[in-house]
Amino acid sequence: MIQEGELKARVFVTLKPSVFDPQGRAIMEALHSLGYDQAADVRQGKYFLLDLNVPSVADAEKMAAEIADRVLANPVIESFKIEVADATIEVADATIDVDGAAK
Amino acid sequence: MTFAVVVFPGSNCDHEAQYMAETVLGQQVRMVWHKETSLSDVDVVILPGGFSHGDYLRTGAIARFSPIMGAVKAFAERGGPVIGICNGFQILQESGLLPGAMLRNRDLRFHCEYISIRVDQTDTPFTTLCTPGQVLRVPISHGEGNFFAETSVIDQLEKDRRVIFRYSNVHGEAIEAANPNGSVANIAGVCNERRNVVGLMPHPERASERRLGSDDGLILFRSAMDALATRGALQAV
Amino acid sequence: MAAFDDATLERHGVTHEEYNRIVELMGREPNLTELGLFSVMWSEHCSYKSSRVHLRTLPTEGKRVVQGPGENAGAVDIGDGLAAVFKIESHNHPSFIEPYQGAATGVGGIIRDIFTMGARPIALLNSLRFGNIDSAQTRRIVDGVVRGIGGYGNSIGIPTVGGEVMFDARYSGNPLVNVFCLGIARQDEIVKGIASGVGNAIYYVGAKTGRDGIHGATMASAEFDDKLDERRPAVQVGDPFMEKLLLEACLEVMQTDACVGVQDMGAAGLTCSTCETGARGGVGVEIDVAKVPQRETGMTPYEIMLSESQERMLLIVKRGREKEVEDIFEKWDLHAVHIGEVTADDKLRVKHNGVVVAEVPNLGLTDEAPVYHRPYAEPPNRAAAFVFAQADLKPLPSAGDAFMALLDAPGIASKRWIYRQYDHMVRGNTIALAGLTAGVVRVKGTPRALAMSADGNGRYCELNPRQGAKLAVAEAARNVACTGALPIGATNCLNFGNPQKPEIMWQFAEAVAGIGEACRALDTPITGGNVSLYNETDGRAILPTPVIGVVGVIEDAERVVGRVFPSAGLDVLSFGNNLGELGGSEYLNTVHGLLRGEAPSLDLAQEKALHQLLVEVIGAGCAKSAHDCSDGGFAVTLAECCFDSGATGVSVSVPAASTDGGVDLIAATLFGESASRAVVSVNPSDTAKVLEAARRLGVPAAKIGVTGGRTITIAIDGHGVVIECPVLDAEARWSNGLSKWFGGSAA
């Protein structure tokens with residue numbers, strides 16, 4: 001049950017394009033062997049769901065970005081994307097791209 | 001001489017490091033719990049191997065926030081010799097004390113086996129007794145030892161001679177076939193700019209008794225003792 | 001008028017007779033929670049109700065036994081006031097459903113059984129059986145199990161020092177994952193799973209309780225059928241990091257004397273740990289499940305008591321010492337919670353927020369669980385089905401071709417692809433590297449080392465369960481002796497089909513009898529073990545597979561030898577008699593696709609003499625290497641002595657096997673699997689001494705050749721050279737036999 005005032009931030013962490021992804025490659029080979037030849041590439045990443053007790057979406061975005069940058073992603077090899085969802089709406093409310101600028 | 005072995009929750013090669021330093025080398029050892037904040041009166045700091053915090057999130061990603069890391073950084077800034085072994089190396093990378101990051105081994109499998117590494121630079125506290133190009137037989141034991149950094153970073157590391165160890169064959173050739181995990185340029189270990197902090201994925205502390213397989217690893221720790229004896233404690237090399 | 005309908009009873013795995021017994025024991029009908037407690041404690045997995053009658057016949061005493069069966073693990077004296085604490089356990093059914101987590105949690109479970117006794121675990125072994133390797137599903141299971149064992153063992157930092165892997169179609173729906181763990185404790189510091197002292201505190205520590213594994217105990221007690229998917233939720237996810245913290249914290253707590261008893265929560269979780277500690281101590285246990293840390297909401301007392309969430313321990317703490325214990329756990333970021341007390345009555349009393357929701361006599365759940373004398377009978381015409389004659393066999397390929405085919409067989413080929421995924425060096429004690437069948441670890445602070453091996457042979461047991469079981473004990477002890485260690489204790493993991501079928505129960509009873517006979521003769525008492533029944537899919541059972549773990553002591557760790565010829569120029573000696581027995585052999589299976597014949601004979605006195613000889617000559621430093629003959633026979637054994645040697649070859653000439661006619665003599669000599677044999681390399685200056693020792697001990701022995709050259713050359717008297725193969729060619733075949741199935745070379 002989601003309480004009033006609680007916000008959810010979704011953080012997607014992916015390997016930077018220049019980094020070789022052996023897991024993604026292994027998955028793609030498995031897809032091809034299952035007949036999904038149209039799968040041109042697979043990159044594996046991580047998904048974090050943060051429940052944040054902050055008063056506004058902007059606060060959530062700021063905190064999530066800080067958490068992602070400091071802990072969830074390793075900036076040497078990973079980049080991240082954030083989506084903040086209001087408690088009552090399933091769809092992403094706002095997104096921040098990697099440079100921190102709001103879309 | 002006093003070795004500090006830092007123990008994080010989930011470290012499990014602290015035991016070997018302690019035995020090597022205390023019983024094989026006959027030195028003082030202080031086991032330092034990760035919540036402590038002081039490293040006074042130790043001469044060498046070892047961050048041992050293992051699975052700190054279960055390798056959850058990323059290897060070393062949580063351990064870098066431990067209270068002790070402030071003291072490790074200060075010790076390194078004073079020029080103190082620090083060696084990070086396997087997970088210890090990963091923690092130093094996550095802390096920003098060493099460059100690059102570790103990916104999963106390219107065959108996606110854990111590898112526990114003896115390999116060879118070539119010592120490329122002998123001007124660090126841990127390699128002063130080595131000869132350039134010396135080949136050491138040491139074991140690896142990791143699932144995420146695939147060293148990665150952006151090309152520009154690698155170029156700089158090579159230019160600054162900060163690649164200390166490379167995976168090689170027994171003849172010292174750093175060829176593809178001798179690379180167990182896919183690391184860029186066969187990099188097995190690097191140092192910081194100041195050359196007092198060294199990290200390597202292989203386990204020299206496990207190669208400290210011939211009857212367990214090899215004692216080639218001892219030279220790294222004897223080097224540290226020698227470097228300190230010659231130059232005095234806590235001076236930059 | 002029963003309180004529960006048939007469907008409910010069936011879901012709980014409780015028969016009508018058992019239900020009536022419960023009512024009798026309680027003096028009333030149980031409520032649903034109480035029924036749940038009985039259902040897990042009286043399940044086959046927890047109560048051993050089908051097997052106790054037979055297990056009671058095993059030898060469990062001996063001058064070295066410090067702790068026999070009945071506790072979380074057994075223990076034997078290894079000198080200097082120390083004990084080796086060890087046990088083997090199975091996690092078969094979960095490993096079919098979810099191979100990675102099934103195997104991982106199996107490793108986690110056996111490790112807890114060791115450190116709950118106050119022993120620091122220092123080594124792991126595993127014994128694995130899968131279906132035919134050409135099945136993609138089998139390979140998926142192999143891959144998952146191996147990664148799971150590595151994933152858990154490596155993370156917690158306990159080395160996997162050896163094991164065995166075997167493939168046969170009879171295991172395809174029922175893989176066997178048996179895991180052995182050994183730890184060291186001071187004998188006077190062993191902690192038992194006993195609750196005592198009225199008013200003492202009951203503490204829970206470790207992971208939070210969730211809904212996982214509810215009815216896991218009953219799943220392990222039931223066959224697979226097409227309702228498999230419904231059982232999926234019963235597999236738990238292991239957390240080796242949590243267990244590492246628990247291990248360190250518990251060992252630290254047990255160093256103080258604040259605990260009177262400790263038990264891990266394994267099968268049947270909180271229920272089992274509370275009623276068993278209470279029953280052992282003759283006291284009552286009262287807990288309030290509302291105090292149990294939970295990671296899901298709305299859990300009922302039923303769910304909390306039956307949960308099999310991993311990485312949880314129960315401690316009985318002396319009144320007044322609670323804070324001390326809590327503080328130690330806090331240091332490790334663990335939360336020890338006071339959930340109850342030891343009481344003066346004999347009940348397990350479960351409260352929920354102060355209200356009693358279940359109350360059952362401890363002994364009723366444990367000692368008074370049903371004991372079944374299940375009927376058993378040898379199936380008629382059983383032996384006749386296995387008879388074979390030379391005429392039944394396909395024309396023999398050349399001995400050289402058969403030799404290569406055997407080296408290539410996944411059951412014999414190098415297991416390096418597997419053990420390279422296990423950290424076999426962590427903790428810095430491992431002397432013999434993995435790849436040898438016996439693992440050896442030194443005991444720091446003493447001059448000694450311990451050797452351990454886990455072995456079984458389902459094919460021999462299918463032909464003759466009693467004989468096959470005896471041979472399993474002999475093989476495990478022989479592997480240990482080949483390192484120079486004296487076998488001193490054993491543990492058993494009994495993997496069988498449905499015990500309600502008389503022919504399966506017959507296999508079980510016969511196997512237990514065989515184990516007993518062999519353990520008595522070889523002086524390796526059983527200190528504990530595990531039974532896994534109902535290993536059947538759609539009514540077809542696995543090969544009956546008792547697996548025996550044997551532990552041995554080497555007085556001087558410097559004297560340990562491995563299987564590999566250390567150099568050229570050594571004499572090669574054979575110990576034992578080659579009776580050319582091909583029954584149940586890998587040769588018959590791999591080359592002819594048959595499981596036929598009689599299991600090899602076994603003279604236990606001869607076997608014991610062989611072990612004594614090995615211990616003596618290795619201890620004296622005369623034997624430079626030793627390897628026992630088993631799967632694949634003499635030719636494979638000899639070849640394995642050359643592998644990993646840096647291409648040191650060998651040239652031997654042996655007499656033909658002394659077998660009666662009607663069997664291909666060359667195949668029988670090379671590939672027969674007669675027991676009580678070993679191949680040893682010796683400095684020529686010591687050969688006379690070794691042969692004299694063999695004569696004195698009554699072990700047939702002879703020099704058969706020398707090490708050197710680059711080929712494996714075997715000649716048989718009267719037949720000339722029958723195998724001549726470059727070592728590197730044979731080694732290449734052997735190196736790739738298993739790994740080629742997993743898309744990589746072992747190199």
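**Close-up views of a predicted three-chain model**

**Figure 1. The interface of chain C and chain B.** Between them, chain C and chain B bury about 2,600 Å², and 54% of this area lies on carbon and sulfur atoms. On the side of chain C, the residues that lose the most area to chain B are F241(C), R420(C) and M425(C), which together make up 23% of what that side buries. The model shown here and in the following views is predicted. The contact draws 33 residues from chain C and 27 residues from chain B. Of the two pairs of chains in contact, chains B and C share the most contacts.

**Figure 2. Polar and charged pairs between chain C and chain B.** Seven salt bridges are found across the interface of chain C and chain B. One of them joins the side chains of D143(C) and R109(B), with an N to O distance of 2.5 Å. Residue pairs in polar contact between chain C and chain B number 17, counted where both residues have pLDDT 80 or more. Five elements of chain C each give two or more residues to the side that touches chain B: α8 (136-156), α10 (240-255), α13 (322-331), α16 (416-419) and β14 (430-432). The largest share of that side, five residues, is supplied by α8(C).

**Figure 3. Helix α11 of chain C.** Helix α11(C) covers residues 269-281, 13 residues in total. From its first C-alpha to its last the helix reaches 19 Å, close to the 18 Å expected at 1.5 Å a residue. Because 11 of its 13 residues are buried, α11(C) is largely enclosed by the rest of the structure. The buried positions run from G269(C) to A279(C) and include L270(C), C272(C), C275(C) and E276(C). After the helix comes G282(C), with a positive phi near 65°.

**Figure 4. The surroundings of E71(C).** E71(C) is placed in the loop between β1 (65-67) and β2 (74-79) of chain C. Its relative accessible area is 11%, so E71(C) counts as buried under the 20% limit. The side chain of E71(C) comes to 3.0 Å from the backbone nitrogen of G193(C). Leaving aside residues up to four places away in sequence, E71(C) touches M117(C), K192(C), G193(C), I194(C) and R280(C).

Figure 5. R195(B) has a positive phi of about 70° although it is not a glycine. With 11% relative accessibility, R195(B) is buried. N381(C), likewise not a glycine, has a positive phi of about 60°. Its loop runs between α14 (362-365) and α15 (399-408) of chain C. In contrast to the buried R195(B), N381(C) is exposed, at 66% relative accessibility.

**Figure 6. Chain A.** Chain A contains two helices and four strands, arranged along the sequence in the pattern β-α-β-α-β-β. Of its 103 residues, 33% count as buried. Among contacts in chain A with a separation of 6 or more, 61% are made by residues 24 or more positions apart. The accessible surface of chain A is about 6,400 Å², with 56% belonging to carbon and sulfur atoms. Chain A does not touch chain C, and the nearest C-alpha atoms of these two chains are 11 Å apart.

Note on methods: Residues are numbered from 1 along each chain as its sequence is written. Chains are lettered from A and ligands numbered from 1 in the order in which they are written. Side-chain values use heavy atoms; hydrogens and water are left out. Buried means under 20% relative accessible area, exposed over 50%, partly exposed in between (1.4 Å probe, protein chains only). Contact means heavy atoms within 4.5 Å. Accessible areas come from the Shrake-Rupley method with a 1.4 Å probe; for residues, only the protein chains shown count as cover. The expected span of a helix is 1.5 Å times one less than its number of residues. Buried area is the accessible area (1.4 Å probe) that two parts lose on being put together, summed over both. A salt bridge is a side-chain nitrogen of Lys or Arg within 4 Å of a carboxyl oxygen of Asp or Glu. A polar contact is a pair of N or O atoms within 3.5 Å; within protein, one must be able to donate a hydrogen and the other to accept it, and residues adjacent in sequence count only if both atoms are side-chain atoms.
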